[in-house]
Amino acid sequence: MTQDHGHQHSDHDHSDHDHGHDHHGHSHGLGHSHVPTNFGRAFALTTALNLALVVVQVVYGLIADSMALLADAGHNFGDAIGLILAWIAYTLGRVKATERFTYGFRSASILSAFANAVLLLVATGAIVWEALRRISEPPEVAGVTVMIVAGVGVVINGLSAWILMAGQKNDLNIRGAYLHLIADAAVSVGVVLGGAVIVATGWNWVDPAVSLVIAAVIVWGTWGLLRESFELSMQAVPKGIALGEVRSYLEGLPGITGVHHLHVWAMSTTENALTVHLVFPAGHPGDAFLTRVSDALSHKFRIHHPTIQIEIADGAPCAIENH
């Protein structure tokens, strides 16, 4: 086996990560979806809105003695912290690579999504504990106050989700924040309805019961984020990419006689990477071939950073073929 080291391609040889280059098959085409550059401001605005909402909900939750309102405030506070984490990760992801961190800090967005999920689940445990304590002897609840404050929560969470909506399709970090804001809006609707029931019937037990429903909504909405962010942190193949299809595509390329050492993983919540060894019977296919393959990987599979090593088939096995 002869390894053609002169044609190994690594798109991170350039520390400034120039998105305009196409050298050795590296291409950022239609499949490379970047979120808009104004999401730093979007995070700042949504964080400020949610922190203001938390203050209002805590104050009026204590005045109304409403566990549901305080639970919603706790949920919103968790989301505000999550937004701050997402904001920090979004900012770090744009820091240039260094001699020590040669990929930059892109992976911060994966850690942020995971931390966001864990934080919400911990907060949920506290909500459930307090709700169970109150459900047997529910205190008197000011239903009208609960309805008004929760209604404000619906508006603020809905507005915040709308601000982040454009970036949530292509970025798990932003999607985590977006989904929590949507869940918050739905939860606040539930609190409004709970307040209406209390006003109409005087059933104060509805308030802690609603907070238990809130907890269930949080767990249901957070579990998928926790699982996916954990998988990405373990360098699993990103969701939506079928490794078998990638392998089949590569094996079907003209002149290819072998494909091995194929790995696909997430560099961040928006960028995926690949390494692979392609075996040719003789000679090198040239840079035009690598450019074509890189474009196809980007468009077909959302793999934006391929590193392709060409091996000339001379009968000798690759030293790392089975690694």
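Helices here are DSSP runs of H or I with at least four residues, numbered from the N terminus. The model is predicted.

Q: In which helix is Val55 found?
A: Helices are numbered from the N terminus. The run that holds Val55 covers residues 39-64, and this is helix 1.

Q: Is Val55 buried or exposed?
A: Exposed residues have over 50% relative accessible area. Val55 has a relative accessible area of 52%, so Val55 is exposed.

Q: What accessible area does the nonpolar surface patch with Val55 have?
A: Val55 forms this patch with Val56, Val59, Tyr60 and Ile63. Together these residues have an accessible area of about 440 Å².

Q: How is helix 2 oriented relative to helix 6, roughly parallel or roughly antiparallel?
A: Residues 67-92 make up helix 2 and residues 206-233 helix 6; the two pack with axes 7 Å apart, at an angle of about 25°. Angles under 35 degrees count as roughly parallel. Helix 2 is therefore, relative to helix 6, roughly parallel.

Q: Which residues of helix 6 meet helix 2?
A: On the helix 2 side, the contact involves Met67, Ala68, Ala71, Asp72 and His75. Their counterparts in helix 6 are Asp207, Val210, Ser211, Ile214 and Ile218.

Methods
Residues are numbered from 1 along each chain as its sequence is written. This is a predicted model: local features need pLDDT of at least 70, side-chain atom pairs count only at pLDDT 80 or more; totals for chains, interfaces and linings use all residues. Side-chain values use heavy atoms; hydrogens and water are left out. Patches are made of residues with over 30% relative accessible area and no salt bridge: like charges are joined within 9 Å, nonpolar side chains (Val, Leu, Ile, Met, Phe, Trp, Tyr) within 5 Å. Accessible areas come from the Shrake-Rupley method with a 1.4 Å probe; for residues, only the protein chains shown count as cover. A salt bridge is a side-chain nitrogen of Lys or Arg within 4 Å of a carboxyl oxygen of Asp or Glu. Buried means under 20% relative accessible area, exposed over 50%, partly exposed in between (1.4 Å probe, protein chains only). Axes are lines fitted to C-alpha atoms, for helices over the stretch in contact, and angles run from 0 to 180 degrees between N-to-C directions. Angles under 35 degrees count as roughly parallel, over 145 as roughly antiparallel, 65 to 115 as roughly perpendicular and the rest as oblique. Contact means heavy atoms within 4.5 Å.
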